[in-house]
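I opened this notebook to record what I looked up in one structure.

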Amino acid sequence: MTDTLAIGSAAPDFALPVTGRGVVRLSDLRGRKIVLYFYPKDDTSGCTREAIDFNRLMPRFAACGTELIGLSPDSVASHDKFRTKYGLDLPLASDEEKQALAAYGVWVEKSMYGRRYMGVERTTVLIDADGRVARVWRKVKVAGHAEEVLKAAEET
């Protein structure tokens with residue numbers, strides 16, 4: 001498998017429904033840095049913690065010219081409930097067709113208790129203002145992750 005997320009490569013474009021905005025297109029955000037974080041499911045413990053952490057740091061990401069977008073296969077309706085429940089402001093994109101998830105190589109075979117299934121590998125991608133991959137974090141551990149990504153965004 002080729003790594004579609006090689007540092008310096010063009011980030012795959014997408015057009016997806018997003019909370020509060022209608023549709024988000026990566027190409028429309030050119031000129032700004034983007035943190036695209038992929039997560040498995042709304043309202044689960046790790047995903048909730050990650051969303052709250054990124055949401056808390058949104059003003060600092062904005063101060064360094066960086067947009068935040070969470071992305072999962074959940075519906076926009078699910079995202080809206082999730083945002084309301086936890087008072088989140090950050091935009092959450094819905095990829096029910098899993099096209100962007102596949103393009104970014106994060107829709108993968110997983111295994112739990114011997115059962116194999118397809119799911120999202122928790123991954124974060126920092127995209128520079130030219131639309132190129134600047135940094136990738138795979139198999140993310142949530143604790144301290146948002147702060148680490150912020151530091152990278154401030155240095156990019």
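This is a predicted model: local features need pLDDT of at least 70, side-chain atom pairs count only at pLDDT 80 or more; totals for chains, interfaces and linings use all residues.

Residues are numbered from 1 along each chain as its sequence is written, and side-chain values use heavy atoms, with hydrogens and water left out.

**Helix H3**

I looked up helix H3, residues 76-86, and found His79, Phe82 and Arg83 as its buried residues (buried is under 20% relative accessible area, exposed over 50%, with a 1.4 Å probe and protein chains only). Seen down the axis of H3, these buried residues fall within an arc of 95°, so they line one face of the helix. The arc is taken from the directions from the helix axis to the C-beta atoms. Exposed on the other side of H3 are Ala77, Lys81, Thr84 and Lys85. The cover over the buried residues of H3 includes helix H1 (45-56), strand S4 (66-72) and strand S5 (92-94); helices are DSSP runs of H or I with at least four residues, and strands are runs of E with at least two. After H3 comes Gly87, with a positive phi near 65°.

**Cysteines**

I searched the whole structure for disulfides and found zero (a disulfide is a pair of cysteine sulfur atoms within 2.5 Å). Cys47 is buried at 1% relative accessibility, and Cys64 is buried at a relative accessible area of 18%.

How values were computed: Contact means heavy atoms within 4.5 Å.
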